[in-house]
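My notes follow in the order I looked things up.

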Amino acid sequence: MGWFSKLLVPDREKSKVPQGLWEKCPGCQRVIYKKDLEKNLWVCAQCGYHFKISARDRINSLVEPGSFTEMFSDVGSQDPLEFVDTEKYCERYKKSREKSKMNDACITGSAMIGRNKAALGVMDFYFMGGSMGSALGEKITLITEYATANRLPLIIVSTSGGARMQEGIFSLMQMAKTSAALAVHAKAGLMFISVLVDPTTGGVTASYSMLGDIIIAEPNALICFAGPRVIEQTIRQKLPEGFQRSEFLLKHGIIDMVVPRSEMHDKLMFILDFINSNQRTDE
Ligand SMILES: [Zn+2]
């Protein structure tokens, strides 16, 4: 039966592009030279598809070169429930840390955007699906408190599959903790800009990522609490085209702007310039 099973290998398996040099665009199926993609901030020049990028690449695309100072990098999660699914959580966590060279699913610090200093929290989907555990919640809280204490605007770039189930309630309580820290930041009259990239879902959508004074999304990002498949199965109705995507949410007033990756730095700089010049006038 060997020859028969060979016939069953799907075409895409056979035509696998050699890893490392080329990338297939999920938007238009075109095969793109990786170096060209990198130069274009990982956006397909043909169809505008925004590839997922790491937190470090994201920071490089947003701030002035060399201006980023990382903070709270040593914060990591514990395994208080000693959780085991197909693998021990502590081992899965350790592997993710080694692979990504990050301590958890976000990087926090301060940087310059144009002439403006800002506090920054940037999530990374490659680290356990950007899941929100106690370390991520703690880092978002710490950077928010730092922004409040130093009277800085705060920018958080979210991408997340939701709460980190392996940490149970310790993960869920991060929603309240981060929101409380942001309320103090807001009360001090400071600006919080929330940037949402594909995908932003679950507990992160249900907490800090939706609390921005200005909420900006990358094009065609999935932004939701429960995903479209779950909703479709629950209400047994066909959902409209583009449901829960950035453009749909902009049309319905959930977010304020849709900004392509190539324009994100300039847009953030424009907003920060505007707030800072107004504050100077107030004084
Ligand atoms: Zn494309």
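**Entry 1: the sheet**

I traced an open sheet of seven strands, in the order β3-β4-β5-β6-β7-β8-β9, with mixed pairing. β3 (69-71) and β9 (257-258) stand at its edges with a single partner strand each, so one side of each is left without a neighbour in the sheet. I take strands (E, at least two residues) and helices (H or I, at least four) as DSSP runs, numbered from the N terminus. Two strands pair if DSSP finds at least two bridges between them.

The model is predicted: local features need pLDDT of at least 70, side-chain atom pairs count only at pLDDT 80 or more, and totals for chains, interfaces and linings use all residues. Residues are numbered from 1 along each chain as its sequence is written.

**Entry 2: whole chain**

I counted eleven helices and nine strands in the protein chain. Its radius of gyration is 20 Å, close to the 19 Å that the globule rule gives for 283 residues, so the chain is as compact as a globular protein of that length. That radius is taken over C-alpha atoms, and the rule is 2.2 Å times the number of residues to the power 0.38. Along its principal axes, the C-alpha trace spans about 80 × 45 × 45 Å.

I then checked burial. Buried residues make up 37% of the 283 residues. The cut-offs: buried means 20 or more other C-beta atoms within 10 Å of the residue's own, exposed means 12 or fewer, and partly exposed is in between, with C-beta atoms placed from the backbone.

Next came contacts, where two residues count if their C-beta atoms, placed from the backbone, lie within 7 Å. Among contacts between residues at least 6 apart in sequence, 67% join residues at least 24 apart.

**Entry 3: β4, β5 and their turn**

I followed β4 (residues 106-113) into β5 (residues 116-123). Eight bridges join the two strands, which run antiparallel. Cys106 stands opposite Met123 in β5. The two strands form a hairpin with two residues between them, and Gly114 in the turn has a positive phi of about 65 degrees. Six of the eight residues of β5 are buried, so β5 is largely enclosed by the rest of the structure.

I also looked up Glu64, in the loop between α4 (55-62) and β3. Glu64 is partly exposed, with 14 other C-beta atoms within 10 Å. It touches Ala111, Met112 and Ile113, not counting residues up to four places away in sequence. The C-alpha atoms of Glu64 and Asn116 are separated by 9.9 Å, though the two residues are 52 apart along the chain.

**Entry 4: β6 and its partners**

β5 and β6 pair in the parallel sense over four bridges. Ala119 has Leu154 as its bridge partner in β6, and Leu120 has Ile155. On to β7: six bridges join β6 (residues 154-160) to β7 (residues 192-200), and these strands run parallel. Ser158 has Leu196 as its bridge partner in β7.

How many of the residues of β6 are buried? Seven of its seven are. Leu154, Ile156, Ser158 and Ser160 cover one side, and Ile155, Val157 and Thr159 the other.

**Entry 5: the core**

I defined a nonpolar core as buried Ala, Val, Leu, Ile, Met, Phe, Trp, Tyr and Cys residues joined through C-beta atoms within 7 Å. The largest has 51 residues, and those with the most contacts inside it are Cys106, Ala118, Ala119, Leu154, Ile155, Ile193 and Leu268. The largest share of this core, six residues, comes from α6. I picked out Ile193: its contacts include Pro153, Ile155, Gly212 and Leu268.

For α7 (residues 168-187), 20 residues at 1.5 Å each should span 28 Å, and its end C-alpha atoms are 30 Å apart, which agrees. The expected span is 1.5 Å times one less than the number of residues. α7 bends by about 25 degrees at Gln174, as the angle between axes fitted to the seven residues ending there and the seven starting there. Ser171, Gln174, Thr178, Ala181, Leu182 and His185 are buried in α7. The buried residues of α7 pack against α6 (134-149), β6 and β7. Gly189 follows α7 with a positive phi near 80 degrees.

Last, α9 (residues 228-235): zero of its eight residues are buried, so α9 lies largely in the open. Arg236 follows α9, with a positive phi near 55 degrees.
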